[in-house]
Amino acid sequence: MTVDKAVPVYDFQVLGPLQVRRDGVAVALPARHPRMLLAVLLLHNGEVVAERQLLEQVWDHGVGSVIALRTAVSRLRSWLRGAVGGVASIEHVDGGYRLRLPDGSVDAARFRAALAADSDIAGLDPHQRLADLMNALEQWRGPVLDGAPDGVREDPVVRTLDDDHAMCLQRLAALSISVQAPELLLPRTRAMARARPFDEPLHTRLIELYAACGRPAEALMEYERLRSRLADELGVAPSADAQRAYLALLDQDPPILGGLQRTYGMRWERPVVPHQIPADIADFTGRDKATALLLDHLGGALNDPTRPAALVAGVTGPAGAGKSTLAVHVAHRLVPTYTDGQLYADLGGAGAAPESPICVLGRFLRALGVGHAAIPEDLAERTALYRSLVDSRRILVVLDNAVGEAQVRPLLPGSATCSVLITSRSRLVGIGGARIVDLDRFEVDHAVHLLASIVGHERLAAESEAAAELVQLCGRLPLAVRICGARLAARPHWPISGLVVVLRDEHRRLDELSVADLAMRDGLRQSHSRIGTDARKALAQLARLGPVEFAVGTAAAVCGLNHTDAEACLDALVEARFVSVVASGQAGRFHYRLDDLVRLFVLNLVGMVPVPPSSPFEERL
C-alpha cells in the first residue's frame, strides 16, 4: 500500500521582518550576511542582482569583498538545501546572482498579484473587491524587511512596495466608503498617513474616511495639517483632489457632519460669533496707564500687516490688585476691533483646582459652533481644530487667572489676526512676544476715588482722613478697598472711622476684609499653597521681622540660610507676590518688604497672631 506524503508549504516573507515559514512554523534563519543576502534576493526574486549591488547593500556600501560575497552565497545555498529542500535555488548569471523561487511562495509577489488583479471596471461587486484586497493587505506585518540594515532597506524595491501598500489602502478606503463600512480602514489608513506625511492621495482618502465615519472635526484638522505641511515644507498648495474632498466636507449638511455647525465660508451660513467677556464694572477707576498700554498693543498693532503671529499681552500683579477687572474692562473696549468674537475662560489659577486646557478647548469649540459629538478627545486634535476655526478671524481670547505657560500654550491661536489677553500672578515669561503689564497697588488718590464711587462722594468727604487711613489699612489693594466699600454701602449708618478702628486691630484685619464671595484671605491662601517648602519656611521667618525693610543678608540670617539660598527664596517670594522689591541700596543691593496683609496672613498661619472669638462689626462700633 502506498502512503502519500504531504508536500510542505514554504512561505518567504519580506512584508515585515524577514521570515521563512514551513507549514506555518518559523524556520531558523542563517547567519547575518547570508540572511541579508537572502533578503535582497527575495526582493528581486527571479531577477539577476549584480554583485556590486549585493556588496553595497549586504556589507553596507562596499566594505565587503567578492570572496566574502561568494562565501555568503555558498552558505546560503547550504542553508536553503537543508531548510527548504529543492524549493529554492541560487544561480550565478552574468556577474550577478538570481534566486529562483515560485512567486506563490513570496508574500510580496502574492500581494502584487492581488493588487494587479484588482480592477474598478463597472459591474464588479465592490464587496468582493473589498474582500480580495483585504486579504492582500493581510500579507503586511509591518514595514518591508523591518529591522534590516539601512543598506538593505534602501533598495528601490522597498520604496515601490511601500507605494503599492499605500495604493492598496487608497483603493480599500474608497471601496469601504462605497459599501458604507469606512471604519474598517480608518485605523490602518491613519497609521500609514502618519508614516507618509507628503502622500496627498493617501491623506485625501483619510479625510474622506473621517467624514464618512461622522468625524468631520478630525477630517477638517487632517486637511489643515496637510495644507500647513505642504506650504511650510514644499511651498505648494494641496492637490485638486484634496481640495475637492475638503470642499465636499464643507458642503455637507449639519446632521451628516456629526454635530459640526456651519461655521465656515464657501456656501456656509454666517459663522458663530461668540461674546463671552463678563460684564464690565461701572465704577472702574485708575489704571489709566495700564489700560492705554493694553489698548495700544492689542488694538493699534492689529492692523500692522508685518506682524507674524497673534498679539499676546499679560497682566500680572499680587492677589487683589484688580488684574481680572482690568482685563475685562480692556476687553470691552476692544469689542469693536475684534468683530469676529471674544472668547473668555477663567483658568482657575486662583483656586484649588486649575482648569485643564483640554476642558477649556472643549468650551471654546462649542462656542465656535462645534457640536458635542464632533469635538475630538485628544488635546492636540482639539488645539488643531480650534486654531483652524479661528484662522484669519479677528477674535480676542481672554485667559483669566492662568497658572503657568503649560496651561496657556494650547489655548493660543495660530493666526496673526487674533489676540490674547492673559492675567496671572506669575509673569509668564515663557510666552514668546508677550507684552507684560505689571499692576501694583493703587495710589492713595485712586484708592480713595474707588471707595468714594462705592459709598458716595458726600459720605467720603465728611470723613476724608478716615477714608485715607482706611485705604492704607487695605494695603491700597483694589479688592480690599472694594470689600470695605461694599460693607459700608450696605450699612449707610456706619461711620468710616468705625471700620478704621476695626482694621487697625491686626488680630482681626483679614477676617474683616471679606464680604459675600469676596475675601482677601482666599487669594493669599491659594498663592501660599503654590510656593515651595523652602520659600514657605523663609516667609514664616521673615513675617516675624514686622513691617520693616530688609536686605538679603538679613533674610539669610533670620532664615538660617546662606546668601545664595536666601536670594533664591526671595526670588520665589517676589514671583509669588508675597515680597516686594522696594529700593536698591548701596552697590546695587536690593531691599525687600512684606506687605502688611501678607505678613498678617503668614503670622496667623504660624500662630503668632491669635484670633479672638469673632464678634459682629456692629458690636465694635
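Student: What is the volume of the largest pocket?
Tutor: About 830 Å³. A pocket is found on a 1 Å grid over the protein atoms alone: it is an open set of points where a 1.4 Å probe fits, with protein on both sides within 12 Å along at least five of seven lines. Grid points are joined across faces, edges and corners, and the volume is the space filled by probe spheres set on the points. Keep in mind that this is a predicted model: local features need pLDDT of at least 70, side-chain atom pairs count only at pLDDT 80 or more, and totals for chains, interfaces and linings use all residues. Residues are numbered from 1 along each chain as its sequence is written, and side-chain values use heavy atoms, with hydrogens and water left out.

Student: How many residues line the largest pocket, and which lie nearest its centre?
Tutor: The lining has 36 residues. Gly 320, Ser 324, Thr 325, Leu 479 and Leu 518 lie nearest the centre. A lining residue has an atom within 4 Å of a point.

Student: Which element gives the most to that lining?
Tutor: Helix α13 does, with five residues. It spans 323-333, and β9 (396-402) is among the others that supply at least two each. These labels are DSSP runs numbered from the N terminus: helices are H or I with at least four residues, strands are E with at least two.

Student: How does the lining split by class?
Tutor: There are 16 nonpolar, ten polar and ten charged residues. Ala, Val, Leu, Ile, Met, Phe, Trp, Tyr, Cys and Pro count as nonpolar, Asp, Glu, Lys and Arg as charged, and the others, Gly among them, as polar.

Student: Back to β9. Which way does β9 run against β10?
Tutor: Parallel, over five bridges. Two strands pair if DSSP finds at least two bridges between them. Leu 399 stands opposite Ile 422 in β10.

Student: And what joins β8 to β9?
Tutor: Five bridges, again with the strands parallel. Ala 345 has Leu 399 as its bridge partner in β9.

Student: What about β7 and β10? How many bridges there?
Tutor: Six, and β7 (residues 311-316) runs parallel to β10. Val 315 has Thr 423 as its partner in β10.

Student: How many residues of β10 are buried?
Tutor: Six of its six, over residues 419-424. Buried means under 20% relative accessible area, exposed means over 50%, and partly exposed is in between (1.4 Å probe, protein chains only). In β8 (residues 342-346), four of five are buried.

Student: Which β10 residues point which way?
Tutor: Ser 419, Leu 421 and Thr 423 point one way. Val 420, Ile 422 and Ser 424 point the other way. In a regular strand the side chains alternate between the two faces of the sheet.

Student: Why does Thr 423 count as buried?
Tutor: Because its relative accessible area is 0%. Its side chain makes a polar contact of 2.3 Å with that of Asp 400. A polar contact is a pair of N or O atoms within 3.5 Å; within protein, one must be able to donate a hydrogen and the other to accept it, and residues adjacent in sequence count only if both atoms are side-chain atoms.

Student: Is Thr 564 buried or exposed?
Tutor: Exposed, because its relative accessible area is 58%. Thr 564 sits in helix α26 (residues 563-575).
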